[in-house]
Amino acid sequence: MSEHLKRAEELRAITERHYNCAQSVFVPFAKECGLDEEQAYKVAANFGAGMKVAGTCGAITGGLMVLGMLGVEDPAVIRNYFQAFKDNHEGCTDCVDLLRINAQAGKEKKPHCDAMVYEAVKVVEKILAEQK
């Protein structure tokens with residue numbers, strides 16, 4: 001297991017302070033992005049719960065923050081990033097749709113959101129490895 005994924009799992013397990021999906025993806029990459037964890041926490045604060053309006057999933061936007069901070073801006077790479085999620089989630093990337101599909105399957109919210117965070121970390125790591 002990578003250090004980023006391990007840290008994301010640690011953050012998702014914390015109950016004293018909530019780490020939203022975007023924070024849980026972005027914070028593990030803080031050092032590489034030139035930030036400390038508190039700065040990364042604050043940057044990603046308004047991106048959880050689909051930017052607090054059920055838009056694009058916070059885990060996905062957290063990954064976009066990492067990619068942008070690390071200089072990955074190629075439109076084709078970013079399209080592929082989104083496509084990776086669409087391929088795994090019935091074409092959906094919005095929080096409201098992902099949660100609806102999850103609820104219709106009779107599943108709980110937290111495990112779904114945790115899985116989205118871990119998926120985003122893995123996709124980001126794969127893209128970063130390909131960029132080297």
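## Cysteines and disulfides

Cys95 is buried, with a relative accessible area of 13% (buried means under 20% relative accessible area, exposed over 50%, and partly exposed in between, with a 1.4 Å probe and protein chains only). The model is predicted: local features need pLDDT of at least 70, side-chain atom pairs count only at pLDDT 80 or more, and totals for chains, interfaces and linings use all residues. Residues are numbered from 1 along each chain as its sequence is written, and side-chain values use heavy atoms, with hydrogens and water left out.

The structure holds 0 disulfides, a disulfide being a pair of cysteine sulfur atoms within 2.5 Å. Cys95 is in no disulfide, and the nearest cysteine sulfur, that of Cys113, is 6.2 Å away. Cys33 is likewise buried, at a relative accessible area of 9%. The closest cysteine sulfur to that of Cys33 belongs to Cys21 and lies 18 Å away, which is too far for a bond.

Most residues other than glycine have a negative phi. Met51, a residue other than glycine, has a positive phi near 60°. Lys52 is not a glycine either, and its phi is positive at about 65°.

Met51 lies in helix H4, which comprises residues 48-54, and Lys52 is found in helix H4 as well. Helices (H or I, at least four residues) are DSSP runs, numbered from the N terminus. Met51 is partly exposed, with a relative accessible area of 36%, whereas Lys52 counts as exposed at 55% relative accessibility.

Definitions and conventions. Helix = DSSP H or I, 4+ residues; strand = E, 2+ residues; numbered from the N terminus.
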